[in-house]
Amino acid sequence: MDRVRKALDLARMERTHSVVKPVPEPAAAADVEEEPPSKATVASILYTRTKVFTPQPGHLERNRIMNPASSDPAAAAYRMLRTQVLQRLDAHGWRSLAIFSPGTDDGKTTTAINLAVSLASDRLHTVLLVDFDFRRPTLADRLGLTAEFGSDDAITGRAPLEECLYHPEGFDRLVVLPARSTLGNSSEILAGPQSRQLVAELRARYPERVIIYDLPPVLYADDALSFAPLVECGLMVASEGRTRRNDLVRTLELLSKTPIVGTVLNRASDAPTGY
Ligand SMILES: Nc1ncnc2c1ncn2[C@@H]1O[C@H](COP(=O)(O)OP(=O)(O)O)[C@@H](O)[C@H]1O
Ligand SMILES: [Mg+2]
């Protein structure tokens, strides 16, 4: 058995979280089903000050962002992940979720975006996707967004929050708070009052909204650990063939105080079987 799977099994035994696997290498083209207009939706939002941008389908596809309605196995895996995450959030009344992984390039940002998109495609849910990876912010690029202001501005007080929010056209119920640039003292900031204040402001603004935080790797710097106490739960991403067993175990140990609602095995070689 693969070492990552062994570690995940161990984690599963030790903590009551589930493994959603695998997220396969995405297929080339995604089937697109148009969503009917969302008129009788519970979660309708007026984007009064939120800036609207238009993501390009080709750019999203190249960046492994799935159309949530696609019949592609990866999109199906994200829908499964969405359902499992929601069940756990609802069971505990949680609304904030951080994306964790041991190392760089494990697939945190990919997972954060696809989970957010998948959650928001469900009419009952509104989602805020936040880039708090001040070491290597990539959320805006992955979405094809050139942000004038971002979470780095909001957290340091350079711009009011409402100037930093963006809505991707065509993705109803999804709002993004990208990071525009790196921050030198990011772990200090994430552990400090500025971060607490921004998290509280985000929560207060839309109490029912699911808020997903994209973070740097847990073992790379102390940013993710510093921030962990401010979220209600986390989602673990491991990368098959990359994540070392010991690193995953260490990461789970370091986050022992944060409930982990599930684990995503990214880059898994075996695609889910359909019927
Ligand atoms: N399942 C996958 N198969 C192939 N490439 C992937 C997969 N998941 C992510 N990638 C690519 O790997 C790179 C790192 O992914 P990313 O989500 O940014 O990782 P992290 O946020 O953990 O550093 C990106 O270029 C992304 O497109
Ligand atoms: Mg990332």
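Me: Buried means under 20% relative accessible area, exposed means over 50%, and partly exposed is in between (1.4 Å probe, protein chains only). So which of these is Arg244?

Reply: Arg244 is partly exposed, at 47% relative accessible area. Heads up: this is a predicted model, where local features need pLDDT of at least 70 and side-chain atom pairs count only at pLDDT 80 or more, while totals for chains, interfaces and linings use all residues. Residues are numbered from 1 along each chain as its sequence is written, chains are lettered from A and ligands numbered from 1 in the order written, and side-chain values use heavy atoms, leaving out hydrogens and water.

Me: Got it. What does Arg244 meet in a salt bridge?

Reply: Asp247, at 3.8 Å from N to O. A salt bridge here is a side-chain nitrogen of Lys or Arg within 4 Å of a carboxyl oxygen of Asp or Glu. Asp247 is partly exposed too, at 23%.

Me: And which residues get joined into a network?

Reply: Asp152, Asp153, Arg158 and Arg180, through salt bridges that share partners.

Me: How many salt bridges does the rule give?

Reply: Twelve. One of them pairs Lys51 with Glu163, with the closest N and O atoms 3.5 Å apart. Lys51 is in strand S2 (residues 51-53) and Glu163 is in the loop between helix H6 (151-156) and strand S5 (166-168), so the bridge ties together parts 112 residues apart in sequence. Helices (H or I, at least four residues) and strands (E, at least two) are DSSP runs, numbered from the N terminus.

Me: What about Arg95, buried or exposed?

Reply: Buried, at 13%. Its salt bridge is with Asp90, 3.0 Å from N to O, and Asp90 is partly exposed at 45%.

Me: Switching to ligand 1. How many residues surround it?

Reply: 14, and the closest include Asp105, Lys108 and Arg267. To count as near, a residue needs a heavy atom within 4 Å. Helix H4 (residues 108-120) gives the largest share, three residues.

Me: Which side chains have polar atoms by the ligand's oxygens?

Reply: Thr110 has a polar side-chain atom 2.5 Å from an oxygen of ligand 1, and an N or O atom in the Arg136 side chain is 2.8 Å from a ligand oxygen.

Me: How much of ligand 1 does the protein cover?

Reply: 83% of the 560 Å² of accessible area that the ligand has on its own. Those areas come from the Shrake-Rupley method with a 1.4 Å probe; for residues, only the protein chains shown count as cover.

How values were computed:
Polar contact = N/O pair within 3.5 Å; in protein donor to acceptor, adjacent residues only side chain to side chain.
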